[in-house]
Amino acid sequence: MKIAVLGHRTFPIVEPFAGGLERFIYTLVKGLQRKGCDVTLFAHDDSDASLNVAAPDFIDTSFCTTSEEKSHESFLSIMDYLDYGDFDIVHNNSLNYFPIVLSNTINTPLVTTLHTPPFPLLYTAVKHRKRSHNYISISQFNAASWGLNNGLSQVIYNGVDTDIFAFNDKNVQDYAVWTGRIIECKGTHLAIEAAKKAGINLVIAGPICDRSYFEQQVEPHLNEGIQYVGHLGKDKLISLIQQASVTLCTPIWSEPFGLVVIESLSCGTPVVAFDRGAITEIIDENTGILVNPDDTDAMAYSIKQANYMSRYACRERALTYFSVDAMLSNYLQSFELIADSRINKQKSCTSATISTLTAKGTYKGRKKLQNTLNRT
């Protein structure tokens with residue numbers, strides 16, 4: 001199967017990853033390649049070259065004055081490019097509304113995975129394309145948030161590479177770990193508060209995405225008991241999670257999934273989390289503890305209780321429900337069903353034609369897409 005994967009263009013898909021979406025796209029593309037698929041990734045130009053990133057020759061953003069304009073112009077050009085391709089399916093993870101709005105203008109079927117809670121521009125596109133577009137949601141909770149339950153979307157849980165995030169029950173140390181983007185909606189400061197109340201050391205790892213937040217609510221608490229170790233590469237991050245006695249998950253927003261949670265379970269590390277969003281779909285009574293949102297007293301108490309949980313049960317839950325192989329199988333099955341439903345649709349041109357396209361040679365298609373956009 002020949003698959004075009006659309007990533008966003010804000011951060012490159014390369015380690016160390018800026019966040020969960022970047023890790024998801026990397027894992028998905030690598031997994032599809034292992035399954036024998038011919039995958040082309042459309043993403044930030046500095047993404048990992050092994051992901052077969054499309055050359056940017058057909059994108060011209062020299063006349064754009066803002067990052068938003070550059071993003072929109074890029075996806076307008078990408079959608080035009082795809083209309084001349086010979087892909088079997090286009091998988092959209094871009095967080096941009098153009099692929100959804102323009103999906104009916106290309107001959108290749110397009111499916112969008114919704115990775116975030118609804119936000120205005122994308123929600124408007126989804127609202128007006130509910131029944132004429134293919135959607136995948138990363139949780140039941142997120143599907144309902146977008147108004148795409150009742151059969152309007154398929155739910156495919158994110159997967160973790162259980163070979164890389166390997167099980168560990170040896171040399172477990174008495175510290176809690178918090179990983180992720182350091183930004184207020186992830187609630188790093190609440191993990192600090194809970195760890196202090198529990199009397200346990202806390203190790204924080206992840207990119208600082210809001211410098212002001214870090215300086216005001218995280219940095220003043222750093223001492224021997226609260227440690228920030230930076231934005232770690234894969235090996236160091238996994239080792240940190242493997243040796244922790246518990247992982248803390250403290251979202252202030254309604255978490256659409258919780259990749260950090262399944263990575264922790266795969267390593268055998270139990271999770272204590274605020275009961276927000278989709279996390280209740282991931283952990284059960286044997287693998288973690290959910291507490292009321294923002295209740296750091298309850299989290300502090302639960303940190304101590306997590307020590308009695310079976311690390312084997314955590315690993316087994318990851319293997320059973322959240323492995324990357326299960327995720328890939330579900331995606332391929334979905335792709336094949338969607339592609340088969342339009343298998344007889346005439347392609348605009350052959351794959352040989354696409355190699356000759358440039359930014360200056362696509363005006364006919366651009367005019368068609370622009371007319372559609374103007375009518376939307």
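In what order do the six strands of the open sheet run? In this predicted model, the order is β9-β8-β7-β10-β11-β12, and the pairing is parallel. Strands β9 (226-228) and β12 (288-291) stand at the edges; each has a single partner strand, so one side of each is left without a neighbour in the sheet. On average, neighbouring strands are turned by 20° against each other, direction ignored.

**Pairing around β10**

Strand β10 (residues 246-249) pairs in the parallel sense with β7 (residues 175-179) over two bridges. With β11, strand β10 forms a parallel pairing over three bridges. The table lists bridge partners in these pairings.

| Residue | Bridge partner | Strand of the partner |
|---|---|---|
| A176 | V246 | β10 |
| V177 | T247 | β10 |
| T247 | V271 | β11 |

From β10 the chain passes through helix α9 (residues 259-267) to reach β11, and this β-α-β crossover is right-handed.

**Faces and packing**

In a regular strand, side chains alternate between the two faces of the sheet.

Definitions and conventions
Residues numbered from 1 in each chain as written. Predicted model: local features only at pLDDT ≥ 70, side-chain atom pairs only at ≥ 80, totals over all residues. Heavy atoms only, no water. Pairing = 2+ DSSP bridges. Helix = DSSP H or I, 4+ residues; strand = E, 2+ residues; numbered from the N terminus. Axes fitted to C-alpha atoms, helices over the stretch in contact; angles between N-to-C directions. Right-handed = clockwise from strand over helix to strand, strands pointing away.
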